[in-house]
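Good morning, colleagues. Please take a moment to look at the sequence and the structure on the screen, and then I shall take you through them.

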Amino acid sequence: MSDSRPPTVLMRKFARFEIVRDWAAMLLKSPTKPREIGREESSILGNLDVNSIAATIETDSCYQGLQLPEDVVQELLEFASSTVCYINRDLKRPWRCKGTEQVGANLPKNSRLCSYMSNSKLSSTLKKLEKDPGILAIAAKFLGAQAVHMGSEISWSFPVAGTHVQQREAAQVFHYDLDDYRFIKFFFYLTDVDISSGPHAYIRGTHKDKKLLHQLIGTRCANIDDEKIVECYGAQNVVNVCGKAGFGFVENPLCFHKGTQPTEKPRLMLQIEYAINDYGNIHEAWGS
Ligand SMILES: [Fe+2]
């Protein structure tokens, strides 16, 4: 059976370069008009100024200010406490989290994160969010094309110290993603996140004008110390995203970003990703 999906390896080679990325995004995107919120449709996220959100991401790398309703957060928390997740995304290490208790106390050894992987597909609430007209409209406006769903992940991050390599594997060091020539990620906190519970952090504006070296080495930027990356792009541009359960933000993952390692409290977060192309296997680690 032939697979007409574009090859991931080539995209990862070329998408590192801003100029190539811009050309490819223009050539590869769908010619159809991007989706808008229909008159009869309403978003779970309420009223959204799609144009202004997309414009903010274009300049700042990220828009903060989405909000899930309380009942949706509760549904996702119930799902999280009744479904098996996998320690360090290892299918041989299933684990069941009991509510949002201080998880550190009964955590199996070397558990830095725990992902629901493909089990997240069992959540009807998540399915609704993936098809939400507001979310799809923001994605389509930003992408300039119909949004292709790349994958979703619900995962815990635990306050467990780790080496640089372990932190890199858990995306807890500054890096940027190369999942397509143009792609976008929505994030929603499902527990309250303050500075001690692993806030997502990004460096404003770094989705463009990266240093040539950082474009050349692509995802291997994760090998560079955070301090050096911050020194390069300015500490004043580092933004830590804190918010209560339900708080959401949407980011261009080509900017430098990381999930800060929690120091005191665990964090439960949902992320949903869309792109202009379907590469099929790009998020094997999520169980997509
Ligand atoms: Fe990332």
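Predicted model: local features only at pLDDT ≥ 70, side-chain atom pairs only at ≥ 80, totals over all residues.

Nine helices and 11 strands make up the secondary structure of this chain. The chain has 288 residues, and 42% of them count as buried. As for contacts between residues at least 6 apart in sequence, 88% join residues that are at least 24 apart.

Let me turn to the interior. In soluble globular proteins, nonpolar side chains tend to be buried together. Here, the largest nonpolar core comprises 72 residues. Within this core, the residues with the most contacts are Ala-139, Leu-143, Leu-190 and Val-250. Which helix gives the most to this core? It is helix α6, residues 133-143, which contributes eight residues.

Helix α6 also brings us to a pair of helices. Two packed helices are described by the angle between their axes and the distance between the axes. For helix α3, residues 50-60, and α6, the axes come within 9 Å and cross at roughly 50°. Because of that angle, α3 is oblique to α6. The crossing of the two helices is right-handed.

Which residues make the contact? On the side of α3, they are Val-50, Asn-51, Ile-53, Ala-54 and Ile-57. On the side of α6, they are Ala-137, Ile-138, Lys-141 and Phe-142.

Thank you for your attention.

Notes: Residues numbered from 1 in each chain as written. Helix = DSSP H or I, 4+ residues; strand = E, 2+ residues; numbered from the N terminus. Buried ≥ 20, exposed ≤ 12 C-beta atoms within 10 Å, placed from the backbone. Contact = placed C-beta atoms within 7 Å. Core = buried A, V, L, I, M, F, W, Y, C linked by C-beta atoms within 7 Å. Axes fitted to C-alpha atoms, helices over the stretch in contact; angles between N-to-C directions. Parallel < 35°, antiparallel > 145°, perpendicular 65-115°, else oblique. Left-handed = near helix turned anticlockwise from the far one by under 90°.
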